[in-house]
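Work through these exercises with the structure open beside you. Try each task before reading its solution.

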Amino acid sequence: MNGLEIFFAECVKAVDAELDKIIPSAESEPNRLPAAMRWSVLAGGKRFRPALCLAVGEMFGASRKSLLKTAAAMEMIHTYSLIHDDLPAMDDDDWRRGRATCHKKFGEATAILAGDVLQTLAFQTLAEDANLSAEVRVKLIAELAKSAAKMVDGQQMDLEAEGKSIRIEELETIHRNKTGAMICGAARSGAIIAGANEAELNAVTNYAESLGLLFQITDDLLDVTQTTEVLGKTAGKDAKAEKATYVSLYGLDEARKLAEAAHARACGELKNIEKETNLLRELAGFILERRK
Ligand code: GRG
């Protein structure tokens, strides 16, 4: 394994252990909510947002212990969004993270509630994190609330754009919100925990914004170039839903060039951070090259 693979493997292990501690056990309650939460959260997933939070925080000198609960909270919000995104009223998908979607397994009402409770549990986790000062906790809660609200806004814009022809600027606004906001929030939260200064926080924000766009462009590319089996979610959905994507607006080759440009912008921003930024460069490379 190379350095990045080792980092990711460690992250997945530590974050999954934290999530396992935070989320109630399936036996703890007489209802099926904990089982539904666990079904979706502990189903794998790349754990990219938690990894980014840890990478940025550790680069600025924060301990892993101080970052882990926030990283887990990011993943809970992300998973809630996936559960709700898969619902019949939204993307209506049967397949996520290589298994049945939450509503297919537990029914629609339970899936809605599992998403809801993952969201509230994420904020509770931040509010109660005894490794952090009260001041930092409040900053993190505000950061997560803003990121999650932007994500919801982006989802609404995305739904309203379905079947319409939109301009590239609109597409970018949708994705800066829907996908980019949580990626940006994860990176900024790591920096906040580490006590990064204003200039450092700005550089991290610029890096993560480009990374968020890169993530979405590669997502659009994978939707047309990869199989459902490899992705663990239904491939080819964007064209079916008549969604405007980087591929539908630009074609495959041009979309790849846009991905390379977003990658270059993300890496270029790292020059403004006077720390060892290699891992962040590698994370951007991982997103550019990802196969799922
Ligand atoms: C329903 C509130 C609400 C929001 C939905 C996240 C989202 C907003 C929709 C998901 C649809 C989608 C495919 C978005 C593109 C980018 C994205 C967030 C992909 C999924 O994230 P990954 O690839 O998934 O990190 P894993 O499973 O690896 O965590």
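**Exercise 1. Find which residues His 103 is in contact with, leaving aside its neighbours within four places in sequence.**

Solution. This is a predicted model.
- Start with the place of His 103: helix H5, residues 102-106.
- Next, list its contacts beyond the close sequence neighbours. They are Asp 86, Leu 87, Pro 88, Asp 92, Asp 93, Glu 108 and Ala 111.
- Now look at the polar atoms. A polar atom of the His 103 side chain lies 3.4 Å from the backbone oxygen of Asp 93.
- Finish with accessibility. His 103 has a relative accessible area of 8%. Buried means under 20%, so His 103 is buried.

**Exercise 2. Asp 92 and Arg 97 each have a positive phi. Locate both and decide whether each is buried, partly exposed or exposed.**

Solution. 
- Recall the background. Most residues other than glycine have a negative phi.
- Take Asp 92. Its phi is near 50 degrees. It sits in the loop between H4 and strand S1 (95-96).
- Asp 92 has 44% relative accessibility, so it counts as partly exposed.
- Take Arg 97. It is not a glycine, yet its phi is about 50 degrees. Its loop runs between S1 and strand S2 (99-100).
- Arg 97 has a relative accessible area of 16%, so it is buried.

**Exercise 3. Describe the surroundings of the ligand: how many residues surround it, and which are the closest?**

Solution. 
- Count the shell. It holds 21 residues.
- Name the closest: Lys 46, Arg 49, His 78, Ser 81 and Arg 97.
- Check the polar distances to ligand oxygen atoms. For a polar side-chain atom of Lys 46, the distance is 2.6 Å. For a polar side-chain atom of Arg 97, it is 2.7 Å. For an N or O atom in the side chain of His 78, it is 2.8 Å.
- Turn to area. The ligand taken alone exposes 700 Å², and the protein buries 92% of that.
- Now assign the shell to elements. Those giving two or more residues are helix H4 (64-85), helix H7 (134-161), helix H8 (168-193) and H9.
- Pick the main contributor. H4 gives the most, with six residues.

**Exercise 4. Find how many residues the largest nonpolar core has, and which have the most contacts inside it.**

Solution. 
- In soluble globular proteins, nonpolar side chains tend to be buried together.
- Here the largest nonpolar core has 86 residues.
- The residues with the most contacts inside this core are Phe 48, Leu 52, Tyr 207, Leu 211 and Leu 283.
- Ask which element supplies the largest share. That is helix H9 (residues 198-225), with 11 residues.
- Zoom in on Leu 211. Beyond its neighbours within four places in sequence, Leu 211 is in contact with Phe 48, Leu 52, Ile 183, Ala 266, Ala 284 and Ile 287.

**Exercise 5. Find how many disulfides the structure holds, then examine Cys 53 and Cys 102.**

Solution. 
- Recall the bond. A disulfide is a covalent bond between the sulfur atoms of two cysteines.
- Count them. The structure holds zero disulfides.
- Check accessibility. Cys 53 is buried, at a relative accessible area of 0%. Cys 102 is buried as well, at 4%.

Technical notes:
Residues numbered from 1 in each chain as written. Predicted model: local features only at pLDDT ≥ 70, side-chain atom pairs only at ≥ 80, totals over all residues. Heavy atoms only, no water. Disulfide = S-S within 2.5 Å. Buried < 20%, exposed > 50% of the residue type's maximum accessible area, 1.4 Å probe, protein only. Core = buried A, V, L, I, M, F, W, Y, C linked by side-chain atoms within 4.5 Å. Helix = DSSP H or I, 4+ residues; strand = E, 2+ residues; numbered from the N terminus. Contact = heavy atoms within 4.5 Å. Near = heavy atom within 4 Å. Polar contact = N/O pair within 3.5 Å; in protein donor to acceptor, adjacent residues only side chain to side chain. Areas by Shrake-Rupley, 256 points an atom, 1.4 Å probe, with all protein chains shown as cover.
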